[in-house]
Amino acid sequence: MDAFAVSICKGLALPKINLKSAGIVGLWFGAFQALMPLIGYLLGVNFRSYIVSIDHWIAFILLALIGANMIKEALSDDDEEETEIRNLKRSSEGTIDGYSLNSCSISSTGQVALSREDNGIKEILGFKTMFLLAVATSIDALAMGVTFAFLNVNIIPAISFIGIVTFTCSAIGVKIGNVFGLKYKSKAEIAGGVILILLGCKILIEHLGII
């Protein structure tokens, strides 16, 4: 569920969605949801107490930082868009030999917008961001992997099933988030950041036994 929720947040932030983008998010979360139980299984009982004592703090810190950064970027994008609109209006008023510069301005602004969109996708799905999110949403699965070792679970079929289900849910979550993101743009990205922070708080509170 954590990976699904974060995938929706990724979809909210993406300016456009395609199979490649959904596949990238699905692969990151699916792979880590399968990898972490395997690592926990291999570690066995010797490190269980260490894993359980810190996993929730790591998840909370990573999700809170990434969520806060999403909100900051969304607010910054609003300012940049307003500046671009003002510049477009000013340039559209100019003429040369009776010909309006409006079409040229729109063309130039459109190219800038497309460039920003491509850069935004690369940043949102970049290695650093996706790695931190994948770790944050799957680190508690280390302890689950230790439990698998206790129960003598056949680990390969188990992690394969977990990975496939997570991949599918994450890819769907990206699409769901993007549908709302296209309608509400920066507001949706702010909501995504708030969701990540709340999710981090939820993980921390649950592990501390407050709820």
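These are my notebook entries on what I looked up in this predicted model.

**Entry 1: ground rules.** I number residues from 1 along each chain as its sequence is written, and I use heavy atoms for side-chain values, with hydrogens and water left out. Since the model is predicted, local features need a pLDDT of at least 70 and side-chain atom pairs count only at pLDDT 80 or more, while totals for chains, interfaces and linings use all residues.

**Entry 2: the overall plan.** I began with the secondary structure, where helices (H or I, at least four residues) and strands (E, at least two) are DSSP runs numbered from the N terminus. The protein has 8 helices and 2 strands, and along the sequence they follow the pattern α-α-α-β-β-α-α-α-α-α. I then looked up burial, for which buried means under 20% relative accessible area, exposed means over 50%, and partly exposed lies in between, with a 1.4 Å probe and protein chains only. Of the 211 residues, 37% count as buried. For contacts, meaning heavy atoms within 4.5 Å, I noted that among those between residues at least 6 apart in sequence, 88% join residues at least 24 apart.

**Entry 3: the annotated spans.** The unreviewed UniProt entry gives "transmembrane region" for residues 21-43, 49-68, 130-149, 155-176 and 188-205; the positions are in the numbering used here, feature names are shortened, and such annotations may be inferred rather than shown by experiment. I checked two of these spans in the model. Residues 130-149 are 90% helix and 0% strand, with their end C-alpha atoms 28 Å apart, whereas residues 155-176 are 100% helix and 0% strand, with their end C-alpha atoms 31 Å apart.

**Entry 4: helix 6 and its end.**

**Entry 5: the nonpolar cores.** A nonpolar core is a set of buried Ala, Val, Leu, Ile, Met, Phe, Trp, Tyr and Cys residues joined through side-chain atoms within 4.5 Å. The largest has 29 residues, and those with the most contacts inside it are Val-6, Phe-29, Leu-63, Leu-133 and Leu-196. At least two residues of this core come from each of helix 1 (2-13), helix 2 (19-43), helix 3, helix 5 (127-138), helix 6 and helix 8. A second, separate core has 6 residues, including Ala-34, Ile-155, Ala-158 and Ile-159.

Entry 6: Ala-158 is in helix 7 (residues 155-184) and counts as buried because its relative accessibility is 17%. Beyond its neighbours within four places in sequence, Ala-158 is in contact with Phe-148 and Val-153. Ala-158 and Leu-38 are 120 residues apart in sequence, yet their C-alpha atoms are 9.3 Å apart in space. Ser-170 is also placed in helix 7, and counts as buried at 0% relative accessibility. Not counting residues up to four places away, Ser-170 touches Ala-3, Ser-7, Val-25, Gly-26 and Phe-29.

Entry 7: Glu-189 is found in helix 8 and counts as buried, at 9% relative accessibility. Between Glu-189 and Cys-9 there are 7.3 Å in space, C-alpha to C-alpha, although they are 180 residues apart in sequence. I next searched the whole structure for salt bridges (a side-chain nitrogen of Lys or Arg within 4 Å of a carboxyl oxygen of Asp or Glu), and the search finds 1. The salt bridge joins the side chains of Lys-202 and Glu-206, at 3.3 Å from N to O. Why are these two separated by about one helical turn? Lys-202 and Glu-206 are 4 residues apart in helix 8, so about one turn lies between them. An α-helix has 3.6 residues a turn, so residues three or four places apart point the same way. Lys-202 is partly exposed at 37% relative accessibility, and Glu-206 is partly exposed at 40%.
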